Amino acid sequence: MSGTTFDKLLKVGKKERYTLGISSWLGSESLTSATVTACGSLLTINSSDYSGSTIGFFATGVTKGASEVIVSYATATRSDSIKLTVVVTAADACKVP
């Protein structure tokens, strides 16, 4: 899953919710924590949460461009993280192929 770009675009000035499923990584364990950190200033992370095997977060677009986020998660016995990309577009832009 490394290097994944979310299909849902984030418009400048708008807030969207993104989710990441990690059931295969969890196996029979349960999440004990999850955090999401923006790399740079193209977007801001408003909040993050987790339930079952899904991690979610709300992001607000600040400036047009491709922004990476780091999603970190843990169980009682181990932890990991993944870098994902969210594309921020102008409010009236077409999706870039």
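Reader: On what basis are the features of the model read?

Author: The model is predicted, so local features need pLDDT of at least 70 and side-chain atom pairs count only at pLDDT 80 or more, while totals for chains, interfaces and linings use all residues. Residues are numbered from 1 along each chain as its sequence is written, and side-chain values use heavy atoms, with hydrogens and water left out.

Reader: Which strands form the open sheet with mixed pairing, and in what order?

Author: Two strands pair if DSSP finds at least two bridges between them; strands (E, at least two residues) and helices (H or I, at least four) are DSSP runs, numbered from the N terminus. Here 4 strands form an open sheet in the order S1-S7-S6-S3. S1 and S3 are its edge strands, each pairing on one side only.

Reader: How many bridges join S6 and S7?

Author: S6 and S7 are antiparallel and pair over 10 bridges. A hairpin of 4 residues joins S6 to S7, and Ala74 stands opposite Ser79 in S7. Strand S1 (residues 10-11), by contrast, runs parallel to S7 and is joined to S7 by 2 bridges; Leu10 stands opposite Val88 in S7.

Reader: What is the order of the open sheet of 3 strands?

Author: The order is S2-S5-S4, with antiparallel pairing. The edge strands are S2 and S4 (43-51), each of which pairs on one side only. From one strand to the next, the twist averages 20 degrees; axes are lines fitted to C-alpha atoms, for helices over the stretch in contact, and angles run from 0 to 180 degrees between N-to-C directions. S4 and S5 pair over 8 bridges, and the bridge partner of Ser47 in S5 is Phe58.

Reader: Which residues of the largest nonpolar core touch the most other members?

Author: A nonpolar core is a set of buried Ala, Val, Leu, Ile, Met, Phe, Trp, Tyr and Cys residues joined through side-chain atoms within 4.5 Å. Buried means under 20% relative accessible area, exposed over 50%, and partly exposed in between (1.4 Å probe, protein chains only). The largest core has 21 residues, of which Ile22, Ile55, Phe57, Val71 and Tyr73 touch the most other members. Elements giving two or more residues to this core include helix H1 (23-26), strand S3 (33-39) and strand S5 (54-61). S7 gives the most, with 4 residues.

Reader: Which residues does Ile22 touch?

Author: Contact means heavy atoms within 4.5 Å. Not counting residues up to four places away in sequence, Ile22 touches Leu31, Ser53, Ile55 and Tyr73.
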